[in-house]
Amino acid sequence: MKGSHRIIVESRKVKYDFIIKRNITILTGDSGSGKTVLIDLIHDYRRYGADSGVQLSCDRACRTIDSEDWERELKEISDSIIFIDEGNRFLKSKKFAELVQGSDNYFVIATREKLPTLPYSINEIYGFRESGKFHNTRQTYNELYHLYGEISAETTIVPQMIITEDSNSGYQFFSELAKAQKITCISADGKSNIIQKLEENRDIKGTKLIIADGAAFGSEMRELNVYLNNIENAALYAPESFEWLLLSCNIIPNINVQNILQKPEDYIESKDFVSWERFFTALLIDKTKTSSVWSYTKKKLSKAYLSSKVINSVKKFMKLIKWV
Amino acid sequence: MLTIIYGDEPQSIYNTNVYFKNTYDPEWFETELARKMVEDIDHSNILSSECISSPVLGQIPPERLSGGVKTLLLILNEPDKIFNASACGDNCAKWLLEIGKIKDITINLRHMMDFGKNTAFEIKVKNGGELVHSMRELLPIASKYLNEMKPE
């Protein structure tokens, strides 16, 4: 499946209206915000149709999974939006992750647990909030809101140290940038090591900037966000991916992918790409494969990407970060 | 005292919704603490031990309370058991600390719960026996144990 899909679910008492646009969407947040109510309404509609009293509008079939037969059901369902509530142990299983990968379904999962086997985006982690009442105040309207943004800082930051999640091309690039800035850049060697790296460098003065691929960083986001809320001197910058960042700067000659960047969901088939991060990597590799100068690989970055022109373009693109 | 086991805990009751549905005692709703938790988290009022008034859903049975409130009620009333408190949002954190002040409880957390930046507390982390008093102390320890969780 690809594209964005609007879902409207309502009963006499409550209404939900939201859009999903990636294969994995996470619903989380405070207790009592209405996650289970939404999934129950979809379950009732699926089981009883119009007899349920629930109205559901979407251009794809919406359904729920919560039974012990989840594996068989998942294999049989196609081109649908599947809602799964918390309390289902299979969410943590390798088998579930395997079935999500290569699936033409979209998944909406209510959970607070980290699911490191699933590469979901920080941009598709939502909370619910009540945003008003309709129909003579008898119907409560719940809307989704983003819990996390591309950058965790609210004001301009001046980094004194960079920690990259990546140890390959992204790390090579930001090491070069850091060298020019006369600051340190280290690799965390994986997304789950970032807090450990921050702790190890606790005594270093100044703001530490963590750079991660937002499109696949969802499982770590909750933990890191709580950490950042409780310490003073670190911020996260999480664009979709390093490759997305390079493409967005529009610095590579003879490549125009602005249409794709504006609405990636219209181009990314969930069956082919389990995360947007993988799509943008494949896109950059494909678009540069015939160029001897710009040919991109994740393992080793060619010299062209380390030029001051590219580095300055990336610096300019990174909002709220001031390089002095 | 509040004791936390981070990550996988075989003794933990994982699906607290189902457990609550089949085990709750109407008497649990007769305490002041239960009334306060239901009011604070679900913005609802206890009308009787079998009927709750929700501003969104109208009159509902206890089974339709939020997963967070149901889990808190289980922790409060069955302190000898270990429940999966990842069914609780951050808005339940202060209530877990409150219950921990009046009873010895052990909970299982499978995510990073935020107990509040400026909140002083005493929590024992059972995984390694650490005693912590603030989020600053708890964060690296909890993160380490959460990272040790394995896919099932």
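Modeller: Let us begin with a term: a cavity is a set of grid points where a 1.4 Å probe fits but cannot get out, and its lining residues have an atom within 4 Å of a point. Please keep in mind that this is a predicted model.

Colleague: Which residues line the second largest cavity, and what makes them lining residues?

Modeller: The lining is made up of I26(A), T28(A), T111(A), R112(A), E113(A), K114(A), Y120(A), I125(A), Y148(A), G218(A), S219(A) and R222(A), and they count as lining because each has an atom within 4 Å of a point of the cavity. The space in this second largest cavity comes to about 110 Å³. Helix 6 of chain A provides the largest share of the lining, three residues, and by class the lining has four nonpolar, four polar and four charged residues.

Colleague: How many cavities are there, and what lines the largest cavity?

Modeller: The structure holds eight cavities of 30 Å³ or more, and the largest cavity contains about 130 Å³ of space. It is lined by 15 residues, and those closest to its centre are E86(A), G87(A), N84(B), S86(B) and A87(B). Sorted by class, the lining of the largest cavity has four nonpolar, eight polar and three charged residues.

Colleague: What makes strand 11 and strand 13 of chain A edge strands?

Modeller: The sheet in question is an open one of four strands in the order 11-10-12-13 (chain A), and its pairing is parallel. Strand 11 (184–187) and strand 13 (234–237) of chain A each have a single partner strand, so one side of each is left without a neighbour in the sheet. On average, neighbouring strands of this sheet are turned by 25 degrees against each other, direction ignored.

Colleague: How do you know that strand 10 and strand 12 of chain A pair?

Modeller: Pairing requires at least two bridges, and five bridges join strand 10 (residues 159–164) of chain A to strand 12 (residues 207–211) of chain A; therefore the two strands pair. T164(A), for instance, has I211(A) in strand 12 of chain A as its bridge partner. Helix 4 (residues 169–181) of chain A packs on the sheet and touches strand 10, strand 11 and strand 12 of chain A, its direction making about 165 degrees with that of strand 11 of chain A.

Colleague: Why is helix 3 of chain B called roughly parallel to helix 4 of chain B?

Modeller: Helix 3 (residues 67–77) of chain B and helix 4 (residues 93–102) of chain B pack at an angle of about 10 degrees, with their axes 10 Å apart. Angles under 35 degrees count as roughly parallel, so helix 3 of chain B is roughly parallel to helix 4 of chain B. Where they meet, L72(B), I75(B) and L76(B) in helix 3 of chain B face W95(B), L96(B), I99(B) and I102(B) in helix 4 of chain B, and this contact has seven nonpolar, no polar and no charged residues.

Conventions
Residues are numbered from 1 along each chain as its sequence is written. Chains are lettered from A and ligands numbered from 1 in the order in which they are written. This is a predicted model: local features need pLDDT of at least 70, side-chain atom pairs count only at pLDDT 80 or more; totals for chains, interfaces and linings use all residues. Side-chain values use heavy atoms; hydrogens and water are left out. Axes are lines fitted to C-alpha atoms, for helices over the stretch in contact, and angles run from 0 to 180 degrees between N-to-C directions. Contact means heavy atoms within 4.5 Å. Angles under 35 degrees count as roughly parallel, over 145 as roughly antiparallel, 65 to 115 as roughly perpendicular and the rest as oblique. Ala, Val, Leu, Ile, Met, Phe, Trp, Tyr, Cys and Pro count as nonpolar, Asp, Glu, Lys and Arg as charged, and the others, Gly among them, as polar. On a 1 Å grid over the protein atoms alone, a cavity is a set of points where a 1.4 Å probe fits but cannot get out, and a pocket is an open set with protein on both sides within 12 Å along at least five of seven lines; lining residues have an atom within 4 Å of a point. Grid points are joined across faces, edges and corners, and a volume is the space filled by probe spheres set on the points.
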